[in-house]
Amino acid sequence: MRARTSSFRAFEAILAKDLRVELRTLQSVPAMVLFAVTTFVLFRYGLDRSALSGSLAAGVLLATVLFAAILAINRLFVAERDEGGFDAIRLAPVDGTALLAAKATALVVYLLVLEAIALPVFAVFFLDSWAGLAPLAGVLALADLGLAATGVLVSAIAANSRARDLLVPLVLLPLLVPVMIAAAGASEPLLAAGGPSYGGIAKWLAILALYDVTFLLVGYAVYDFLLED
Amino acid sequence: MKVPSLRAQAVATVAVLAAGFALVFFYAPLDAEGFIQKIFYLHVPLAICSLAGFVVAGIHAIRHLRSGDAVHDARSYVSIHLSVIFGIAVLVTGSIWARAEWGKWWVWDEPTLVSFLIVFLLYATYYPLRYAIEDRERQARYASVFAITAGAFVPLNFLAVRLAEPLIHPRTFSSAGGLPGSMLLTFLVCLAGMALLWLSLVRFELAAKSASARLSRLRRALEGEAYAPPPAGSRIAPGIPSRTASASWMSDPTTPRI
């Protein structure tokens with residue numbers, strides 16, 4: 001069996017802990033799902049439409065996912081701060097990025113679960129055909145990586161500050177504008193009224209991938225400074 | 001290279017800016033768009049200096065994280081501070097130009113202005129971020145992390161917004177042949193003036209912070225126990241510490257952390 005580095009074992013342990021805690025306490029994901037479904041209802045009345053397609057559908061879906069993600073990002077590091085998790089990772093002989101990677105992966109898992117439920121609900125509420133949903137799930141997965149990369153950074157900064165719940169949306173939303181632009185650009189043809197089309201999607205996927213790589217690298221570079229006391 | 005004194009630099013700034021404006025009003029030819037086009041000589045140098053200032057702030061932030069010296073944090077803070085102020089001027093002049101060109105105060109299908117708005121909104125969150133963290137050293141560290149992240153964000157943002165919108169922002173540099181010679185000269189002088197203005201304002205603000213930090217240290221030395229520093233949340237700007245004093249003496253250890 002391939003020997004595993006201690007950092008990878010730490011990553012696994014923290015990820016397993018987070019997922020187990022979430023499974024037992026159910027504090028993030030149900031809230032995100034409920035929020036998403038309620039927001040769909042709000043949009044139905046706000047836009048005065050019962051059927052959506054193209055750019056409107058992409059916008060409603062992505063804005064909802066973005067704001068639901070903020071709910072999870074707000075509480076990503078709360079337990080670590082309250083229970084001394086930051087101290088533990090500083091004392092342990094592992095790379096601090098194990099914590100970063102575990103939190104980012106946990107966030108991606110939460111978002112995937114959210115989308116697994118919210119996407120069918122969205123389709124039932126607003127869409128005429130489900131044909132575009134499978135490639136849309138792929139676009140959302142790529143966007144989730146970008147959300148996680150910046151979300152973890154901002155969450156770590158905000159965890160040690162005073163107005164934590166205020167700071168996360170304030171700082172995170174401008175940073176997520178390129179994700180919104182690229183994901184909406186890719187989703188719009190997939191949700192078009194006449195059925196999904198794939199023209200021009202490659203450049204938006206490229207931007208999403210570039211964003212993901214850039215902020216994962218930035219997070220890796222600066223994370224140790226966030227962990228210092 | 002010996003850095004010129006602040007007074008000499010300030011005089012040079014006023015001189016170059018005056019020369020630039022003289023060129024704008026008396027030398028540069030009128031474009032097809034008329035007199036309002038001359039706001040280009042104000043708007044574009046402001047935008048370039050503001051964006052360059054954000055990049056410079058990111059570089060200072062990297063130096064701060066690598067060395068731990070709070071002087072770099074002060075420089076990063078002041079750079080962002082002035083670039084945000086220049087950014088307000090960019091948005092206002094851009095809005096005036098948009099109104100004159102296209103009849104509306106704001107146009108969304110104009111990627112450079114929209115990208116700039118997003119960058120401005122991001123850097124404007126720098127202040128509440130610093131306010132929210134009480135411990136001085138941690139505040140400085142997190143602010144540097146933010147400056148680096150935001151610096152990485154700027155080119156990505158411009159790329160994304162540009163791809164999202166059809167291009168109607170005046171492409172004054174890529175039109176056939178570029179700017180005619182007289183306009184190019186005027187533009188370069190104005191750009192030099194704005195850059196000097198930015199650098200002078202940065203130096204003035206750093207000098208002011210350094211002076212007030214020295215004053216606080218002297219007062220503390222004089223008054224000893226009787227000295228009451230300002231409450232921890234009321235001053236977010238980094239003071240410039242002496243090499244011997246610790247950087248976090250201003251944080252009040254009795255303030256409860258939430």
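Mentor: From the N terminus on, the elements of chain B run α-α-α-α-α-α-α. The model is a predicted one.

Trainee: How many helices and strands does the secondary structure of chain B come to?

Mentor: Seven helices and zero strands.

Trainee: Why are α2(B) and α6(B) called oblique to each other?

Mentor: The axes of α2 (residues 40–67) and α6 (residues 136–164) of chain B cross at roughly 135° and come within 8 Å. Angles over 145 degrees count as roughly antiparallel and 65 to 115 as roughly perpendicular. The pair is therefore oblique. The crossing is left-handed.

Trainee: Which residues meet where α2(B) and α6(B) are in contact?

Mentor: In α2(B), they include Leu51(B), Phe54(B), Gly58(B), Ile62(B) and His64(B). In α6(B), Arg141(B), Ser144(B), Ile148(B) and Val154(B) are among them. By class, this contact has 12 nonpolar, four polar and one charged residues. Gly counts as polar.

Trainee: What makes up the side of chain B that touches chain A?

Mentor: In chain B, 27 residues are in contact with 26 residues of chain A. The elements of chain B that give two or more residues are α4 (111–124), α5 (126–132) and α6. The largest share, 16 residues, comes from α6(B). By class, this side of chain B has 21 nonpolar, three polar and three charged residues.

Trainee: What share of chain B is buried?

Mentor: Buried residues make up 36% of its 258 residues. To count as buried, a residue needs 20 or more other C-beta atoms within 10 Å of its own.

Conventions. Residues are numbered from 1 along each chain as its sequence is written. Chains are lettered from A and ligands numbered from 1 in the order in which they are written. This is a predicted model: local features need pLDDT of at least 70, side-chain atom pairs count only at pLDDT 80 or more; totals for chains, interfaces and linings use all residues. Axes are lines fitted to C-alpha atoms, for helices over the stretch in contact, and angles run from 0 to 180 degrees between N-to-C directions. Helices (H or I, at least four residues) and strands (E, at least two) are DSSP runs, numbered from the N terminus. Angles under 35 degrees count as roughly parallel, over 145 as roughly antiparallel, 65 to 115 as roughly perpendicular and the rest as oblique. A crossing is left-handed if the near helix is turned anticlockwise from the far one by less than a right angle, and right-handed if clockwise. Two residues are in contact if their C-beta atoms, placed from the backbone, lie within 7 Å. A residue is buried if 20 or more other C-beta atoms lie within 10 Å of its own, exposed if 12 or fewer, and partly exposed in between; C-beta atoms are placed from the backbone.
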